[in-house]
Amino acid sequence: LYDRARGTASRLTFNPADDLTPVWSADGSRIFFTSTRQDQRDLYQKASNGAGKTEPVFASRQQSKSLNDLSPDGRYAIYGTTINPSDLWVLPLFGERKPVPFVRGDYIAKQGHISPNGRYIAYRSDETGSEEVYVQTFPQASGKWQISVNGGEDPAWRADGKELFYLERNKMMAAGVDTTSGTFHADTPNVLFTT
């Protein structure tokens, strides 16, 4: 962890295994992440102040997992499987914690990120033969829209949910979106700058 105000860094995890893909909980109290500490990729969490032990969130021998995001209400985690083809799964963080597939097929689906209002997931997929950015309704996948037009990856929502950013090769793109009305709408993407 790096404290920007003080300019100091402190270590959060100490296990010799790889710990990766950290995601903050909405209230900032916990950090969820992927770890290989059981000789496979599983999901864990730890208090962001470093106190206490690292706690397992979800482990299974059937999947090698990579955490993508948490819902704003803290009830769901979205993760990708690291096998090929890769899929996106939703893990309820309550009850039995039984994951369900969200995007699954004979193609790559990854980099899932939940909108700030928790109603949509943006992700990257090559289902048409090229990598593009899509949005689907959440938690039920009842609607789907393609956002990018000439390739896209690494989607990220603006904090207020009114824009969706992504990379198109060496260009940072932005598309205005409406996630608050009954029907999702996306504007034509524009170039913000080259990277």
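**Figure 1. Glu153 and Arg124 meet in a salt bridge between their side chains (3.2 Å, N to O).** A salt bridge here is a side-chain nitrogen of Lys or Arg within 4 Å of a carboxyl oxygen of Asp or Glu. Glu153 sits in strand 15 (residues 153-157) and Arg124 in strand 12 (residues 120-125), so the pair ties together parts 29 residues apart in sequence. Strands (E, at least two residues) and helices (H or I, at least four) are DSSP runs, numbered from the N terminus. Glu153 is partly exposed, at 27% relative accessible area. Arg124 is buried, at 11%. Buried means under 20% relative accessible area, exposed over 50%, and partly exposed in between (1.4 Å probe, protein chains only). Glu131 joins Arg124 and Glu153 in a network of salt bridges.

This is a predicted model: local features need pLDDT of at least 70, side-chain atom pairs count only at pLDDT 80 or more, and totals for chains, interfaces and linings use all residues. Residues are numbered from 1 along each chain as its sequence is written, and side-chain values use heavy atoms, with hydrogens and water left out.

**Figure 2. Glu163 pairs with Arg158 in a salt bridge.** The N to O distance between the two side chains is 2.9 Å. Arg158 is partly exposed, with 29% relative accessibility.

**Figure 3. Glu168 forms a salt bridge with Arg169.** The closest N and O atoms are 3.7 Å apart. Arg169 is exposed, at 58%.

**Figure 4. Ser60 lies in the loop between strand 6 (55-58) and strand 7 (65-70).** Ser60 is buried, with a relative accessible area of 11%. Ser60 touches Gln40, Asp42 and Lys65, leaving aside residues up to four places away in sequence. Contact means heavy atoms within 4.5 Å.

Figure 5. The C-alpha trace spans about 45 × 40 × 30 Å along its principal axes. Of the 195 residues, 45% count as buried. The structure holds twelve salt bridges. Among contacts between residues at least 6 apart in sequence, 26% join residues at least 24 apart.
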